[in-house]
Amino acid sequence: MPAIVVVGTQWGDEGKGKIIDVLTERAHFVVRFQGGNNAGHTLVINKKKYILHIIPSGIFHPNTICVIGNGVVVDPAVLIEEINRLKKEGIEVTPQRLKISERAHTIMPYHQALDLAREATANKKDRIGTTGRGIGPCYEDKVGRRGFRLIDLTKKDFFRERLKKILEEKNFLLKYLGAEPLDFEEIFEKYLTYGQYLQPYLCDTSTLLWEAYKKGDYILFEGAQGTFLDVDYGTYPYVTSSNTLAGNACAGSGFGPSHINAVLGIVKAYTTRVGEGPFPTEQTNEIGNYLREKGGEFGSTTGRPRRCGWLDLVMIKTAVQLNGITGLALTKLDVLSGLERIKVCVGYKLEGRPISYFPSTIEELTKVEPIYEDLPGWREDITTVRDFEALPQQAKDYVRLIEEYIKVPIQMLSTGPERENCLILKDPSF
Ligand code: IMP
């Protein structure tokens, strides 16, 4: 049985949750390996909309075990709230179905306070436009060896001593940034309670996945954010603080790279971005407004309107290289229905000359001019189409152009928010 990594090829919000949900039909395990509750995966099941921030999308399939790997940063308050909310909806979220790495780091209240204070005090040009969930400061502490792992919340004396020391420094920083200092007792008591609540869910998830792999179980790794938010290869510094690339599925879950069979890249039929940073194909005009309204492009974590633009195939080609993508899933093709003309970026020009790479600096990326192919659009509603051949010719041409340029097969095609609005052209699992 396969082990497949699913990643976003753009700036996040490509519709990974929906594709994971469709693939989970057959999967035994769905694993998150990076990011935290900055992510927001939207799923529509039987006309009801669900948004998940931290629990893997596989939770809606009763026979699937969901894993939060060591590479994820967990805000225990948000996780517990999400568990309770799902339970209220009748979804079974037991320690048998949700396994959390004891090594995953904990987002502390000072992480969120620092994230917000840094953004609030930065000049406009230095602002990242973070989700304000404390993700960056938590990863800083992990790498700086000042972090708390979830298991630490169950070790009362150790936690007390370490928190005292660390909080002193954090309060100093918070004061420097003009924010209120935080109270030791309040954090200590609250986080001990969280530790007790979460203890039954904690385990060594690497061993769990290794045993599953040896048994022949099907494992799906669910990426969060997208390739161009990767801390190394994204549009630095306008990135998130983890490696979002497929390679991190291994380090972020304790699973060996030689056991991965395929990498599925999710491509939205146009491009969106939330937060600051360059965006070569952005349309700050009626086209951008059309895509935002029709595609419901408002952040599922912060509610911010997403910036919208044409599909950028230079980015997708780069994402194929960075992630080792073996197949693509194209999402939200239905949003393009009704546009007279559709543009696709097939190259960049820098200072009048074509370039063959995705620039590594913001200075260059801000200056590139997209080279577009201009295609005719289609009017028909395609949400009910169940067969590729039944799509309007212009939609088929759009899909084929992407495949020809990227040279990776499109294996899945999503034409609407519901589970059934999805064509599987070739099952990526086999
Ligand atoms: P952070 O991850 O909250 O530190 O935010 C850093 C950047 O990543 C900001 O531009 C956010 O808008 C963006 N970001 C973080 N998570 C997501 C996501 O799930 N989808 C889209 N953008 C995201």
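## A buried ring and its partner

Phe228 has a relative accessible area of 0%, so it counts as buried (under 20% relative accessible area, with over 50% exposed and partly exposed in between; 1.4 Å probe, protein chains only). This is a predicted model, where local features need pLDDT of at least 70, side-chain atom pairs count only at pLDDT 80 or more, and totals for chains, interfaces and linings use all residues. Residues are numbered from 1 along each chain as its sequence is written, and side-chain values use heavy atoms, leaving out hydrogens and water.

Phe228 and Phe358 form a tilted aromatic pair, 4.6 Å centre to centre with 50° between the planes. Rings of Phe, Tyr and Trp (its six-membered ring) pair if their centres lie within 6.5 Å; planes under 30 degrees apart count as stacked, over 60 as edge-to-face and the rest as tilted. Phe228 sits in the loop between β10 and α8, and Phe358 in the loop between β17 (353-355) and α11 (362-367), so the pair ties together parts 130 residues apart in sequence. Helices (H or I, at least four residues) and strands (E, at least two) are DSSP runs, numbered from the N terminus. Phe358 is buried too, at 13% relative accessible area.

## The open sheet

Now for the strands: 10 of them form an open sheet with mixed pairing, in the order β9-β7-β5-β2-β10-β1-β11-β15-β19-β20. Two strands pair if DSSP finds at least two bridges between them. Strands β1 (residues 3-8) and β10 (residues 219-222) run parallel over four bridges, and Ala3 stands opposite Ile219 in β10.
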